[in-house]
Amino acid sequence: MNLTLKIWRQNDSSTKGRMVDYKVSDISEHMSFLEMMDVLNEQLIGKGEEPVAFDHDCREGICGMCSMYINGEAHGPDRGITTCQLHMRTFKDGDTITIEPFRAAAFPVIKDLVVDRSAFDRIQQSGGYISVNTSGNTQDANTTPISKHAADTAMDAATCIGCGACVATCKNSSAMLFVGAKVSQYALLPQGQVEAADRVKNMVAQMDLEGFGNCTNTGACEVECPKGISLENIARMNRELMKANL
Amino acid sequence: MALDSKVPKGPIKDKWTNYINHIDLVNPANKRNIDIIVVGTGLAGGSASATLAELGYNVKAFAYQDSPRRAHSIAAQGGINAAKNYQGDGDSVYRLFYDTVKGGDYRSREANVYRLAEVSANIIDQCVAQGVPFARDYGGLLDNRSFGGVLVSRTFYAKGQTGQQLLLGAYSAMNRQIARGKIEMFNRHEMLDVVKVDGKARGIIARNLVTGEIERHSAHAVVIATGGYGNVFFLSTNAMGSNATAAWKIHKKGAYFANPCYTQIHPTCIPRSGDYQSKLTLMSESLRNDGRIWVPKNLEDVKAIREGRKKPTDLAPEERDYYLERRYPAFGNLVPRDVASRAAKERCDAGYGVNQTGEAVYLDFASAIDRYGKEQAKIQGIDKPSKAKIYELGQAIVEAKYGNLFQMYEKIVDENPYETPMMIYPAVHYTMGGIWVDYNLQTTVPGLYCIGEANFSDHGANRLGASALMQGLADGYFVLPYTIGDYLSNEIRTGKIATDTKEFDEAEKDVTDRIDFFINNKGTKSVDYFHKKLGNIMWNKAGMSRNEKDLKDAMAEIKALREEFWKEVSVPGSANEMNTELAKAGRVADFLELGELFAKDALERNESCGGHFREESVELDGEQKGEAKRNDKDYAYVSAWEYKGEPADAVLHKEALEFNDIELKQRSYK
Amino acid sequence: MIGFFKSSIGRKVAMAASAFFLIIFLLQHFAINILSVFSPDMFNEVSHFMGVNPVVQFALQPVLIFAIIFHFVMGTILEIKNKKALGVAYVKNNGAANSSWMSRNMIWTGLMILAFLVLHLGIDFWIPEINTKYIVGDLSGLIDPNNAESGFRYYEELHHKFEHPLTVILYVVAFILLGMHLLHGFTSAFQSMGATVGRKKIMKQIGVIYSVAIPLGFVFIALYHHFNH
């Protein structure tokens, strides 16, 4: 198929960007979206132009590196996937595809479609852990039974890949789904409960400090999340923060 | 230089305990004055960084990704082995050790593997304490599954995302130390050289991938944890950015490279669909617990399926060849990876491949759905369940176990694996070879350590499933923090290492010269052009099945390709900005050297062992006819290569492998 | 505690708390007004009680005023902050793909409801009422304060208000906007308070019923009085 691409080009964080039109032809419907981008980049290199910079790594939907806002949606129109898992069969011959970086004041553009998501790291550093040293003589893993339900629910929260689609898709650029998922994972496990109050306070404070917006419960994040992280995690974080303060 | 593995004396089960009881320690006050650089933040690098920082050292950690959490360990699906014997099925440290050595086809170092098995149980305890949500049973205790090549259930898992959860555990431990200021994290940085002062590793040269700035970082010891080199094949299950540059640079500075030809070709990957393919996707080996692998018995059926006249589900059981069950009745579909992969290649080479490219076999869940369905019907007390009901109940169980993998398959292939069998084909997945290290995980350069997949030590010629995660975390959490202390105890008087020395000047100049070359070389071909060509040579001539002629051809072709690369490569943009092509160019340049050494090593090892299959070395008769034939008399050694300029000129050093606690046997899964 | 209300989640909870109060207020407002359809006398009685009862007048009324102002001010502040958090806007954004129109436009439905409140309170009911009671000093509630036989004025005033079709149209439009605001706001408030029930089907259904029934009821009252002239 033949496609027209409208892509955000921006040299670096200090320069202004703009949308540029490109044409690609002979795209197979079995290609992944990023393989289509590879074709475009090969074409640009052939012409001596700079290829479009975009983040990607594992290309199997787990590292969370790929981003891209495709036709007005984070990770494109399909559900439950990252951009690297989006296949060209989702599009039709002759389509025009708009490709933009994830937008949020807390995610500044580094170049073209690459954004800086280090705010997520700093939120994790503020408390997204259980304070246990590596010693080799922690108690046996089966000493504390954990109900299957709690373990499974914690796992569901823990599957977050930190891609930032929740922030990108939120009209308020809120990071609450991301933070809620991490807070939930630990809040649901007995190991995490010792530090639960401080953890939620610190992580929410850091989230606010990074300049993410507030949640208005539109639910867009849950729909666009490639890992199907539930809004329930935001509700749990809200409860945890109230509990920590009352 | 003679290789000294520094394996402690004494009985194997006491070696590690005695060792840690007698090493020199660094007191806490002195640790504060010692810097350690860790390159790579996957399971090995991440866990090492966190633990070293907890101990009190100043750690500088480097990752080419935008966050430590994105290292490719995250993609490991199936699980992590540990000799916990929670299932009471006869597991023990010895059995895990035995299985790993046997699985590695007797080409790993006994003492290292035993230590790995010993600390395996601690890993699970540590990870649970960190909040890793492993799967549990209804009693609230940890659940296990079984994996290829073993007879017990010792694999702990977190759905199909075990690597992700373990990495996030290590990442959280890192975060705690980053917040305390004990780890300084350098994201989007790539190590481009190691700096040696007076023969010791004292720092690195790194490039900031955002600004292009070249930076000098000094330390008292340098740890390389940058993973494997599977991307030398271009197409592999590795991440796009996975590279061998750090490992290759230290090799050039004196670290020996061991067994480069030992590559694991994983049997259950999604087959490739076209030339544009950028990477291959692995489907967890755990699928082989319930999936049965087959191809049609008759070539007419193969043809009919390829032409779309027949569907796989049209074939009756007697028209199918469940070739693993046929050839290996004892292990069936759960034979080790190398065996399963070669068997698939054998069938496809014979013309039984079931897709257009002729490179695919079926992985079928119909029997599992049926079996689980009947089981569930019994549990739920359904009398005489209908076929549809059985299917419904069985499908629910299969979905609960493998739902995310099935969904992933459907997204990529656009076929529903509940209704039609999956198509799979082997793909490059893991490299057992790597930088040679001694028992302390130190390379042949003092102060330079190598851990995780990047080293060669634990998996011999073939790695068992769920052992990579185990090794990465064992090295990082429980081994390196001890062994590096022994070295650093001599560094307490060294003081801060200066970076304004001629050694740093020289290393930086080499790095900038090479970058300038790429930017100024106005060639005609993209970096990917060369990478794909290299991959083709590797896959066709040094892939699943190797012979002398092909390997010699491969060496010559890679050398020619390398020469063309240095003439014709084209890198747009400039050096002082984010330049993804420039980063790729440096990595491919190193792969073009490593690939040749790989072929040379494969050529030198004229035996079949594990993932390395030489057509010249097969059993000629008996029950094992046609199976790989190992040659313990001539090849029971580790090949450690010393860099001497051209890869073809590399010098071989042999570390003899002694097996005192395990009898060397023909690996039989029949 | 102060720290909590300075945090993003604290503000959300405060928004939700004020919303809960307004939801309950709206329910009782409706309950009283619907009386005007069935029994003018009972409507008058209850209105008079509410109008002169000191608890209602001096405790609940200030809280209500505060809740309305707070809900508006906080909503606006959060909207401005959220806009800032977005930075550069997308060239193409397909919000409809993942969220309801109502959820994305709370500020607009809210502001329009506020504009309506100016009409409703300022011109139609509340300011005139306060003026009568506390400026003029007429607490009798009678049509003619000098004539005890003239009867309560509340029903007459209400009935009269909906005589003009333009007023009725304005009220109907406002109630539709209110319904839309509630369609998202009701469950959103529960979610903000951390209630998992907000995610359960039954709670969603109650939300929808409330958000449709209450505004429709008000519309009915307005139309009833209009067509009974």
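Me: How far apart are the nearest C-alpha atoms of chain B and chain C?
Reply: Bear in mind that this is a predicted model. In it, chain B and chain C do not touch. Their nearest C-alpha atoms are apart by 20 Å.

Me: Which chains share the most contacts?
Reply: There are two pairs of chains in contact, and chain B with chain C isn't one of them, as those two do not touch. Of the two pairs, the one that shares the most contacts is chains A and B.

Me: Which helix gives the most to the side of chain C that touches chain A?
Reply: That contact takes 37 residues from chain C and 39 residues from chain A. On the chain C side, the elements giving two or more residues are helix H2 (8-38), helix H4 (54-86), helix H5 (101-104) and helix H9 (165-192) of chain C. The top giver, with six residues, is H4(C).

Me: Over to chain B: which helix gives the most to the side of domain 1 of chain B that touches domain 2 of chain B?
Reply: Chain B is divided into domain 1 (268-428) and domain 2 (521-656), and their C-alpha centres lie 32 Å apart. The contact takes five residues from domain 1 of chain B and five residues from domain 2 of chain B. On the domain 1 side, four residues come from the helix that gives the most, which is H10 (residues 337-352) of chain B.

Me: How many charged residues does that side of domain 1 of chain B have?
Reply: Domain 1 of chain B brings five residues to the contact with domain 2 of chain B. By class, one is nonpolar and one is polar, and the charged ones number three.

Me: Are H3(B) and H13(B) roughly parallel or roughly perpendicular to each other?
Reply: Helix H3 (residues 43-55) and helix H13 (residues 468-488) of chain B pack with their axes 8 Å apart, at an angle of about 20 degrees. Angles under 35 degrees count as roughly parallel. The crossing of H3(B) and H13(B) is right-handed. The two helices are therefore roughly parallel.

Me: What about H11(B) and H12(B): roughly parallel or roughly perpendicular?
Reply: Helix H11 (residues 366-379) and helix H12 (residues 387-413) of chain B pack at about 105 degrees, and their axes are 7 Å apart. The range that counts as roughly perpendicular is 65 to 115 degrees. So H11(B) and H12(B) are roughly perpendicular.

Me: How many charged residues does the contact of H11(B) with H12(B) have?
Reply: Residues of H11(B) in this contact include Asp370(B), Arg371(B) and Lys374(B), and among those they meet in H12(B) is Lys389(B). By class, the contact has nine nonpolar and four polar residues, and the charged count is four.

Me: Last one, on the strands: which residue in S19(B) is the bridge partner of Ala640(B)?
Reply: Strand S10 (residues 257-258) of chain B pairs antiparallel with strand S18 (residues 637-642) of chain B over two bridges, and there Ala258(B) has Ala640(B) as its partner in S18(B). S18(B) is also joined by six bridges to strand S19 (residues 651-656) of chain B, again running antiparallel. In S19(B), the partner of Ala640(B) is His653(B).

Terms used
Residues numbered from 1 in each chain as written. Chains lettered and ligands numbered in written order. Predicted model: local features only at pLDDT ≥ 70, side-chain atom pairs only at ≥ 80, totals over all residues. Contact = placed C-beta atoms within 7 Å. Domains from an automatic or database assignment. Nonpolar A, V, L, I, M, F, W, Y, C, P; charged D, E, K, R; others polar. Axes fitted to C-alpha atoms, helices over the stretch in contact; angles between N-to-C directions. Parallel < 35°, antiparallel > 145°, perpendicular 65-115°, else oblique. Left-handed = near helix turned anticlockwise from the far one by under 90°. Pairing = 2+ DSSP bridges.
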